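Colleague: I would like a close look at a single part of this model, the ligand and its surroundings. Please go on from there to the neighbouring strands and to whatever else in the backbone deserves a note.

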Amino acid sequence: MSKFKLSDIIAGRWRVMASAQEGGMSEVYRCKDMKKNSTVALRILKKDANLQRFKHEATILKRLDHPNILNLYDFNDKGNDVYQIEEYLDGMPLRESLGGKNNFNLVKTADIVCQLLEGINYLHSEGVIHQDIKPDNIFILPDGTVKIIDFGLARDSRAEDVPWQTDLGVHGTPQYMAPERLDGYPSFSSDIYAAGLVLYEMLTRLNPFDIKNHTEALKKQRYYVPSPPSKINPMVPPELDRVVLKALEKKPSKRFNTAREFKIRLNSASQQPVRTKNIKWEFIVILILLAVFWIILFNLVKVLAA
Amino acid sequence: MRDAVISDIHGNYVALRSVLKYIQKENIDKIINCGDIVGYGPEPQRCVDTIRALKNIHSVIGNHDWAVVGLEDTSKFNSDALTAVNWTRDKLDSESLNFLSTLDYRKGGSNFMFLHGSPRDPLDEYIFGISAAEANFKKLLKPICFVGHTHAPVVFRRNTNNEVESLLFYPGKDIKIEENFRYIINPGSVGQPRDGNPDSSLIIYDTDKKEISLKRIPYDITKTQNLILDAGLPEFLASRLAEGE
Ligand SMILES: Nc1ncnc2c1ncn2[C@@H]1O[C@H](COP(=O)(O)OP(=O)(O)OP(=O)(O)O)[C@@H](O)[C@H]1O
């Protein structure tokens, strides 16, 4: 049961325009900000959900400002309701479009991941490690803009521990966790690894490790070497294979040093001619040669006959 | 606060019951369990049920637990262990298998962490000697790390000059936890001690006094041995209990 219904007014300012979308810890409403006459998302913490985590997320998001990062306008923890007022995201998480049957498009894939890496690069320059980069936390707007969401696990390298993680338990999504994260060491490079896995998944529609829980991740993220994406999708150029596998190196020091470096290499690798284009090109050349040959032959026959 | 630290129950319910009886008397706030609830012993289901019923226990997964539920590479297991793993898998109901598979491999509190093997290899590495301890001190996320896996109680300490030593540790010889030092501490095994003393082993960690003490609890070894033989498990798994090795 959601807390508010259509056209309810929250805190005297936000009118509910659409029914709630349920998450694990929050309900998200599309609202109209009656003061500014704009559309926002109101994300309200569910009862018994982790308040510390929600606050932590808001604190980090509040100081960030980048076109590829979800924009947080306001945070309220006074009174009964704890909520974030965010930019409303039209569109869908990358996870959903990965599930669809749409054709593989190298240019589009590279564009999405390049934007993702721009966002990550900005985060890192601000000293923030996201720690939960995965297709569910990457929103694609209808105009193709990428927005990184969900900063509940993010770590501010300038601050102390993540306050609600002092239990030292293993937090995060095992399918996307870099080996050093599983050891308990936060590192900027872990976001690069996770972005590498997102790219892998976009290229192949598969996560290279079939992982169900953290213990399995401990084994597989550490020891399994993924096969090159082109083995699964022949449309992937070999240079791109190298880029993906470099991001997925087990040792952080062997990966790209920065998200920006990853982006630059991805950009150039995805602009290399793909094999299918070669085939088309060769096919045209053969057709032209055949035509020329035929014309010469035709003229020769005519000359001989004359 | 007083915590009890236990490890390597290994399906020995008779031993677990004696240890829990002792813990109950001791005014304990919580139990820290370093893994391997099952494997080897004849009553895995009862052990899992008992652990699940306790409110104040925090458990991590061990390599045998993982082998029973998961994909642990059992090529490193000896044949007795492997027989027991397969036998245990058949004996556990699906809820118990699910419980074991959802255990984390590392947990911790404000100044300590715990796991089964070692910080750098939480499931499989044995910290027997100084050199393994030295390497693992570098991977400590908190000043104290409780481990299990070797079935032998031991305390390794690293001082502020990064020198590592192994401390004498026996019942009656309590060890003070000192500020700025780091510790890797193994409580020994509840269900299959291997340090020459067949009694169950555990540690009481007094967080106010900053002190750990080792306790040895006798249990009815013959009873467990008979259950092992009745179950058709390898004879050696019964005989080693009396030797404590
Ligand atoms: N700013 C936003 N604009 C539009 N939709 C959003 C926004 N933020 C979240 N959503 C959607 O609302 C739903 C719930 O949000 P979200 O996943 O953030 O909830 P959560 O409880 O914080 O997360 P989780 O379920 O991962 O624990 C999701 O389907 C998400 O796509």
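Modeller: What follows starts at the ligand and then moves to the strands and loops. The model is a predicted one, and the values below are computed from it.

The ligand sits in the largest pocket. The elements that contribute two or more residues each to its shell are β3 (21-22), β4 (26-33), β5 (38-45) and β7, which belong to chain A. In total, 16 residues surround the ligand. The closest of them are Gly24(A), Met25(A), Ser26(A), Arg43(A) and Glu86(A). By residue class, the shell divides into seven nonpolar, four polar and five charged residues.

For Arg43(A), an N or O atom of the side chain is 2.5 Å from an oxygen atom of the ligand. For Glu86(A), an N or O atom of the side chain is 2.8 Å from a nitrogen atom of the ligand. Leu89(A) takes part through its backbone: a polar atom there is 2.9 Å from a nitrogen atom of the ligand. As for cover, the ligand taken alone exposes 610 Å², and the protein buries 79% of that.

Glu86(A) leads on to the strands. This residue is in β7(A), where it stands opposite Leu72(A). Strand β6 (residues 72-76) of chain A and strand β7 (residues 83-87) of chain A are paired in the antiparallel sense, with four bridges. Together β6(A) and β7(A) make a hairpin, with six residues between the two strands. In the turn, Gly79(A) has a positive phi of about 75°.

Elsewhere in chain A, a positive phi is also found at a residue that is not a glycine: Asp150(A), at about 60°. Asp150(A) is located in the loop that runs between β11 (146-148) and β12 (155-156) of chain A.

Between β9 and β10 (182-186) of chain B lies Asn180(B). Asn180(B) is not a glycine, yet its phi is positive, at about 70°.

Key:
Residues are numbered from 1 along each chain as its sequence is written. Chains are lettered from A and ligands numbered from 1 in the order in which they are written. This is a predicted model: local features need pLDDT of at least 70, side-chain atom pairs count only at pLDDT 80 or more; totals for chains, interfaces and linings use all residues. Side-chain values use heavy atoms; hydrogens and water are left out. Two strands pair if DSSP finds at least two bridges between them. A residue is near a molecule or strand if one of its heavy atoms lies within 4 Å of it. A polar contact is a pair of N or O atoms within 3.5 Å; within protein, one must be able to donate a hydrogen and the other to accept it, and residues adjacent in sequence count only if both atoms are side-chain atoms. Accessible areas come from the Shrake-Rupley method with a 1.4 Å probe; for residues, only the protein chains shown count as cover. On a 1 Å grid over the protein atoms alone, a cavity is a set of points where a 1.4 Å probe fits but cannot get out, and a pocket is an open set with protein on both sides within 12 Å along at least five of seven lines; lining residues have an atom within 4 Å of a point. A molecule sits in a cavity or pocket if more than half of its atoms lie within 2 Å of its grid points. Ala, Val, Leu, Ile, Met, Phe, Trp, Tyr, Cys and Pro count as nonpolar, Asp, Glu, Lys and Arg as charged, and the others, Gly among them, as polar.
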